[in-house]
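Me: I would like to learn how to read the features of a protein model. Please take them one at a time.

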Amino acid sequence: MFFLSAMGQLPSQDIMALLEFKKGIKHDPTGFVLNSWNDESIDFNGCPSSWNGIVCNGGNVAGVVLDNLGLTADADFSLFSNLTKLVKLSMSNNSLSGVLPNDLGSFKSLQFLDLSDNLFSSSLPKEIGRSVSLRNLSLSGNNFSGEIPESMGGLISLQSLDMSSNSLSGPLPKSLTRLNDLLYLNLSSNGFTGKMPRGFELISSLEVLDLHGNSIDGNLDGEFFLLTNASYVDISGNRLVTTSGKLLPGVSESIKHLNLSHNQLEGSLTSGFQLFQNLKVLDLSYNMLSGELPGFNYVYDLEVLKLSNNRFSGSLPNNLLKGDSLLLTTLDLSGNNLSGMLLALSST
């Protein structure tokens, strides 16, 4: 009787939701999903852990991982709200289309959501900020459009946010600066406009800030560069300007990689290049910087220096050519008005 009871039980809501999602799959070149997701291969505890890409915790689905499978589907992600114990949903690098559900905030246990490199083209739902358990959110490489909703500031547990390479636009919401646990923020290659909001420098955990390839304008925020704890900062390919004769008042010791190329920055570097002495990579190419180059004294860690296509003049600093104080592997000073004798560089 016990055996008959187990065999005769109705599929759980987890199984029903997954089978409903399976109906939307139009192409599965490897058969990864279509050949293994069936109601005849369910474990004794009622969980389909034998289904490819499904991870179970007890009798509940805790993970759905379908990356790099070439799946084509019109995905209805609202179905996954029925998976009450779902922690990870990852379907990157497929050909999935559809919209993000308005009830995304009802995914109470979801911590990891990766839908990168697919064909999504909707706007971001305002309710996305209710997903308070999310720690990692990647929507990069799609065609999401519209503005980032202010509600994003409600993702209080978020540590990594990647929405690069989409068609997002409008100003960056101030609410992003309230994500106090954020380690990684990549909003590059979109169409964001307006000024960079103040407050990113107050996120003490932030390690990577990548905003390159947008249309962010306004003055370069000297306070951010002085106070940030980030080690990687890329704001290249925007419309940033400087209003004084000095590029920056200072640079935090934490910054190791700084890319401000392809902006509209003016000013000179000679008033204290020692401020950059902790950098490993510095790219200021394709701006309107001018004056003589600094002496590069006491700059020992720099490995990549790109100052091409500016308006620098005068002679080359000796310390750039000696090879005994710098560890340069890349030096690009092309497209300037520099003069003087170029000595042969040592091969050691």
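What follows goes through strands, a core and salt bridges in turn.

Me: What kind of model is this, and how are residues numbered?

Reply: This is a predicted model, in which local features need pLDDT of at least 70 and side-chain atom pairs count only at pLDDT 80 or more, while totals for chains, interfaces and linings use all residues. Residues are numbered from 1 along each chain as its sequence is written, and side-chain values use heavy atoms, with hydrogens and water left out.

Me: How do strands pair, and in which sense do β2 and β3 pair, parallel or antiparallel?

Reply: Strands of a sheet pair through backbone hydrogen bonds, either parallel or antiparallel. Helices (H or I, at least four residues) and strands (E, at least two) are DSSP runs, numbered from the N terminus. Two strands count as paired if DSSP finds at least two bridges between them. Here, β2 (residues 54-57) and β3 (residues 60-65) are antiparallel, with four bridges. N57 stands opposite N60 in β3. Two residues lie between the strands of this hairpin, and G58 has a positive phi near 70°.

Me: Which strand pairs with β3 in the parallel sense?

Reply: That strand is β5 (residues 88-90), and three bridges connect it with β3.

Me: In what order do the three strands of the open sheet stand?

Reply: The order is β1-β4-β6, and the pairing is mixed. β1 (25-27) and β6 (95-99) are at the edges with a single partner strand each, so one side of each has no neighbour in the sheet. From one strand to the next, the twist averages 20°; such angles run from 0 to 180 degrees between N-to-C directions, with axes as lines fitted to C-alpha atoms, for helices over the stretch in contact. β4 (residues 72-76) and β6 run parallel and are joined by five bridges. Within this pair, T72 has S95 of β6 as its bridge partner.

Me: What is a nonpolar core, and which residues have the most contacts inside the largest one?

Reply: In soluble globular proteins, nonpolar side chains tend to be buried together. A nonpolar core is a set of buried Ala, Val, Leu, Ile, Met, Phe, Trp, Tyr and Cys residues joined through side-chain atoms within 4.5 Å. Buried means under 20% relative accessible area, exposed over 50%, and partly exposed in between (1.4 Å probe, protein chains only). The largest core here has 89 residues, and V64, F80, M91, L137 and F225 have the most contacts inside it. At least two of its residues come from each of α2 (13-23), β3, β4 and α3 (222-227). The largest share, five residues, is supplied by α2. Leaving aside residues up to four places away in sequence, F225 touches several others, including L220, V233 and I235; contact means heavy atoms within 4.5 Å.

Me: How many salt bridges does the structure hold?

Reply: A salt bridge is a side-chain nitrogen of Lys or Arg within 4 Å of a carboxyl oxygen of Asp or Glu. The structure holds four. One of them joins K23 and E20 at 3.3 Å, N to O. Both residues lie in α2, three residues apart, about one turn of the helix. K23 is exposed at 64% relative accessibility, and E20 is partly exposed at 39%.

Me: Where do E223 and R198 lie?

Reply: E223 and R198 form a salt bridge, their closest N and O atoms being 3.8 Å apart. E223 is in helix α3 and R198 is in the loop between β13 (191-195) and β14 (208-210), so the pair, 25 residues apart, links distant parts of the chain.
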